[in-house]
2 protein chains.
Amino acid sequence: MNVEFINPFINALINVIDVMGHTELTYEKPRIKKNDAAMGDVSGLIGMVGSKTKGSLSITFEKSLALRIMQRMVGEKLEEIDEEIIDMVGEITNMVSGGAKKELSKKGYEFDMATPMVVSGTNHTIDHIHEGHVIIIPFGSDSGKAFIEICFD
Amino acid sequence: MNVEFINPFINALINVIDVMGHTELTYEKPRIKKNDAAMGDVSGLIGMVGSKTKGSLSITFEKSLALRIMQRMVGEKLEEIDEEIIDMVGEITNMVSGGAKKELSKKGYEFDMATPMVVSGTNHTIDHIHEGHVIIIPFGSDSGKAFIEICFD
């Protein structure tokens, strides 16, 4: 997968979490996912379909980070992943894929997005079923980790 | 959501699990998802994009049922959800959405599918982020439960 394809997703996540959640994310170099799984507690997932390609995106958060972003957004401290957190992760997923779609469209890559899904469950992992590689990008913050995984056939 | 839209997914899952996994599924009446969550241990998820609509599908299995289907497919008894089970659930998701797509196309509903994702994690739940209703269909078997959830905007 071309790095041109990856950067818009990274930039969109960093921007959304900064603006919405007042939290700074740092990221490690994108790498091909092998045995390493992005383990987390709440994930936003979205399918992408273009005329020439199709794929999937997941954004996985550790619980501590998801709770902290919500706290910084609304000023209220939450203890558990609830409907509000789930909606927030769905919205982040929409914003990241929408932001990346816009950037990629300028470069001539066009795709449509399905509706997002949010998975909640302690220490879940996600496998993207695909023919190409899955790219994983780990993010750090003051409150826990996040991961983007992207695959395009 | 029209019942015309739901039945092809139900029929496809029953057929795939019967033919592939030699396991009979019975199903309860489809209903609008409210507070009830389809809790399970391994789920296949896929995004769907059409010119007029978009949506998402999830098929969630209890661990006992996923292991039993695999056992009946390959003759080998597994104890845990591993890569083989994950690939099987991804394949089931592809076959169910592909089968439903074919049936729905005959009725004039056209959509494309993204690539499937498989979530593994004890007792996870899935939220479909959407503007319409989510339909949930519970399935029973001799080895545990499964659930389909579908939403189309």
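In chain A, strand β3(A) (residues 40–49) is paired in the antiparallel sense with β4(A) over eight bridges, where strands are DSSP runs of E of at least two residues, numbered from the N terminus, and two strands count as paired if DSSP finds at least two bridges between them. The model is a predicted one, in which local features need pLDDT of at least 70 and side-chain atom pairs count only at pLDDT 80 or more, whereas totals for chains, interfaces and linings use all residues. Residues are numbered from 1 along each chain as its sequence is written, chains are lettered from A and ligands numbered from 1 in the order in which they are written, and side-chain values use heavy atoms, with hydrogens and water left out.

Within the pairing of β3(A) and β4(A), Leu45(A) has Ser58(A) as its bridge partner, and the two strands form a hairpin with four residues between them. Strand β4(A), which spans residues 54–61, is also joined by seven bridges to β8(A) (residues 146–152), again in an antiparallel arrangement, and here Leu57(A) stands opposite Ile150(A). Seven of the eight residues of β4(A) are buried, that is, under 20% relative accessible area with a 1.4 Å probe, protein chains only.

Strand pairing also links the two chains: β6(A) (residues 117–128) and β6(B) run antiparallel and are joined by eight bridges, with Val118(A) having Asp127(B) as its bridge partner.

The contact between the chains, defined by heavy atoms within 4.5 Å, takes 32 residues from chain A and 32 residues from chain B. The size of an interface is often given as the accessible area lost when the parts come together. For chain B and chain A this buried area, taken with a 1.4 Å probe and summed over both parts, is about 2,400 Å², of which carbon and sulfur atoms give 63%. Thr115(B), Met117(B) and Ile129(B) supply 29% of the area that chain B buries against chain A, more than any other three residues.

On the side of chain B that touches chain A, at least two residues each come from β3 (40–49), β4 (54–61), α3 (83–106), β5 (112–113) and β6 (117–128), α3 being a helix, a DSSP run of H or I of at least four residues. The largest share of that side, 11 residues, is provided by β6(B).

Methods:
Buried area is the accessible area (1.4 Å probe) that two parts lose on being put together, summed over both. Buried means under 20% relative accessible area, exposed over 50%, partly exposed in between (1.4 Å probe, protein chains only).
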